[in-house]
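Please read these points alongside the coordinates. They cover confidence first and then a few local features.

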Amino acid sequence: MPPTRPPAVPGSARRRALSREPAAALPAASPTKRRARTLGAGSRPSLIGAPPARRARTLDPRHGLNARLVVHPSAVPARAGTLQDLLDAEPNRQLPGRGGGRGPEAAEDAASASGESSDVEEPKAVSACVRRLESRGKARVRKAMGELDGEQGAAGGSKLAISYLERRSVRKATVETYRQCVLVFCVWAHCSIECLPLPGELDAPLVECMNLEPLKGVKSWRGEKLLAGIVFFHPDHGRLGGLYLPRSLRCLKGWKKLPSSRSRKPLVFAIWAALAVELCRLGAPLLGALVLVMVECYLRSGEMLGLTSGSFLAPSEHAAQNWAVWLFPESGAARSKVGSADDAIPCDSGRCPWTSHIFRALKDRRSSQPLLGLSYPQFLGLFRKAALNIGVNAVPYQGRHSGASLDRATNRLSQEEVQKRGRWAAMTSVKRYEKSGRLNESRECLSDETKAHCVTASRQLEDVLLLGRAAAIPPFAGRASSGLGPSAGS
């Protein structure tokens with residue numbers, strides 16, 4: 001029996017020829033591959049190219065049941081494989097500077113105006129995260145600006161109109177110190193903080209006042225705060241302003257060169273070990289451990305009191321090999337004394353290698369609140385009591401001096417590395433803090449009883465902090481004063 005001729009298909013000869021061709025047979029594939037192949041039909045080409053199997057495929061609607069899988073000519077350019085080819089294939093996407101200055105933003109605007117969607121869309125998760133971060137940043141700014149609503153200037157004067165960003169250039173505590181120093185001078189000079197005398201009339205009383213203060217035992221930092229406060233409330237008196245104060249600045253330079261009656265000496269590590277052990281004996285073992293962290297990382301007292309469980313970053317074999325202390329995260333509102341954020345300081349000195357167990361225990365607390373929960377006066381009271389029991393006259397800020405001096409004395413870090421670790425902007429600050437040659441002096445000023453106790457405390461430091469064993473009783477425990485002459489912290 002002769003073969004039956006297929007029914008005639010209305011249309012052109014080309015369509016009748018296509019109807020006589022057999023349908024293209026696809027290779028057998030798993031359900032997962034078939035689903036991927038179906039999803040690939042509606043996909044768009046990537047900016048960095050895509051394999052042939054993932055290119056946009058469409059079913060030719062002219063063939064009905066005999067349709068075969070074809071590549072749509074508008075999906076892939078004739079010369080595919082380069083970034084330029086793929087960009088040319090996307091009519092609504094142009095490089096910046098092409099097409100008469102029309103960039104991606106202009107192309108998106110044109111697509112939205114014509115009712116078409118952009119060829120490349122940002123993932124929903126990424127765009128939501130970006131919007132969330134932007135909203136948080138705006139909320140923090142609005143909250144901070146709302147706190148200053150109704151305030152006119154740091155001094156509360158109606159004539160001191162200081163903007164929000166000018167106020168944010170320094171901390172609130174610093175602004176208050178400026179205000180107090182300027183008010184004291186205004187009382188002495190019979191003027192007001194809002195209306196200071198003219199530059200020619202202001203320089204002379206400032207010079208007279210600054211020459212009287214050293215005779216009263218006032219330190220040079222008070223003169224620095226006075227001039228800084230005048231410049232803060234009246235910027236025209238600064239170096240870049242038109243109302244300069246040359247004589248006052250020269251007096252301040254001479255004031256700084258006067259011999260100081262007090263300086264913070266660095267302390268040897270044995271003294272800090274004794275302080276940590278004594279704090280444990282007084283019932284504050286966590287404070288004793290964080291005091292060692294303060295010396296290790298050159299922390300200020302306020303930074304140490306603000307540490308949380310999230311401040312400790314665990315080591316990783318793919319990144320840093322040591323624990324690190326993370327200060328002032330960018331996501332938070334707090335900033336350092338100089339306005340920096342995201343400061344990470346590694347704990348890699350090796351003086352106390354067993355502190356990793358303490359860091360792990362602190363990190364496992366997973367609390368956003370400060371670990372200690374102490375105010376500075378409470379911390380200072382415990383610290384002074386421990387220092388008196390040991391027989392030393394020390395202050396917490398000496399930890400910043402001691403850490404830098406200990407690292408330089410052992411030649412573990414260079415001066416540039418010490419500067420980076422201490423977050424000092426100038427090398428002159430490093431030279432003022434780092435006094436490795438005076439470490440031996442701090443030990444020689446101790447009595448024999450204190451020296452022996454410091455050696456004992458250094459040996460039992462790990463057992464007291466980690467195992468909770470009993471600490472040695474210091475030589476001057478329970479006494480009101482140590483009875484020493486010159487001490488390590490004088």
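Helices here are DSSP runs of H or I with at least four residues, and they are numbered from the N terminus. On that basis, Leu212 belongs to helix α8, which covers residues 199–212.

1. The model is predicted. Mean pLDDT for the chain is 73, with 63% of residues at 70 or more. Of the chain's elements, helix α11 (residues 269–281) has the highest mean pLDDT, 94, while strand β2 (residues 69–71) has the lowest, 38.

2. Two stretches call for caution. Residues 35–120 have pLDDT below 50, and the model gives this stretch 81 contacts beyond near neighbours in sequence. Residues 150–158 also have pLDDT below 50, with 18 contacts beyond near neighbours in sequence.

3. Trp188, Leu212 and Leu215 make a nonpolar surface patch of about 310 Å².

4. Glu303 lies in helix α13, residues 301–305. Glu303 has a relative accessible area of 8%, so this residue counts as buried; the cut-off for buried is under 20%.

5. Which residues does Glu303 contact, leaving aside neighbours within four places in sequence? The contacts of Glu303 are with Leu327, Phe328 and Arg423.

Technical notes: Residues are numbered from 1 along each chain as its sequence is written. This is a predicted model: local features need pLDDT of at least 70, side-chain atom pairs count only at pLDDT 80 or more; totals for chains, interfaces and linings use all residues. Side-chain values use heavy atoms; hydrogens and water are left out. Patches are made of residues with over 30% relative accessible area and no salt bridge: like charges are joined within 9 Å, nonpolar side chains (Val, Leu, Ile, Met, Phe, Trp, Tyr) within 5 Å. Accessible areas come from the Shrake-Rupley method with a 1.4 Å probe; for residues, only the protein chains shown count as cover. A salt bridge is a side-chain nitrogen of Lys or Arg within 4 Å of a carboxyl oxygen of Asp or Glu. Helices (H or I, at least four residues) and strands (E, at least two) are DSSP runs, numbered from the N terminus. pLDDT is the predictor's confidence in each residue, from 0 to 100. Contact means heavy atoms within 4.5 Å. Buried means under 20% relative accessible area, exposed over 50%, partly exposed in between (1.4 Å probe, protein chains only).
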